[in-house]
Amino acid sequence: MYKKARLILLFLSIFNFAASAQKADAILGTWVNPSGEDHILIYKIGNKYFGKLDWIKYPNDENGKPKTDKKNPDDALKSRPELGLELLKDFIFDGDKVYIDGTIYDPKSGKTYSCKMTIDSNKLKIRGYIGISLLGRSEIWTRVK
């Protein structure tokens, strides 16, 4: 009887872990920013979530060349292409549809901010901030279908 109870408990633990992983992975996929000019692909490495620019409406500069990360404070990174640029880094799932402890990079300013994300179906609330979450800005991204 004791072995049977342990086996059932083990099975329920595995089932619960799998369900939690499915919830966490709900963020995976492609999202569009509010202006509709960028698509961000969110992917997972290990137990952390990342996002990169996967599509840009205007990928070329005024000279017809691919846009680069020209606002980056690191001179060595200014020549890297914007397309494929990693914007979201190191997020972990905190349960209840929230992803924390990550950063977001803004190529328009060259600045990196602390960030948290909250998913609600096909909407993703992005909150970038300095220090505490009260000092920041939010955007709502929409899942690309």
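This is a predicted model: local features need pLDDT of at least 70, side-chain atom pairs count only at pLDDT 80 or more; totals for chains, interfaces and linings use all residues.
Two or more residues of the lining of the largest pocket are given by each of strand 2 (38–45), strand 3 (48–56), strand 5 (98–106), strand 7 (123–129) and strand 8 (136–143). Strand 8 supplies the largest share of this lining, with five residues.

## Strand 1 and its partners

Two of the strands that contribute to the lining, strand 2 and strand 8, also pair with strand 1, as set out here. Strand 1, which covers residues 29–32, pairs with strand 2 in the antiparallel sense over four bridges, and within this pairing Trp31 stands opposite Ile40 of strand 2. The hairpin that strand 1 and strand 2 form has five residues between the strands, and in this hairpin Gly36 takes a positive phi near 80°.

Strand 1 and strand 8 likewise run antiparallel, and two bridges join them; here Val32 stands opposite Thr142 in strand 8. As a general point, the side chains of a regular strand alternate between the two faces of the sheet.

Key: Residues are numbered from 1 along each chain as its sequence is written. Side-chain values use heavy atoms; hydrogens and water are left out. Two strands pair if DSSP finds at least two bridges between them.
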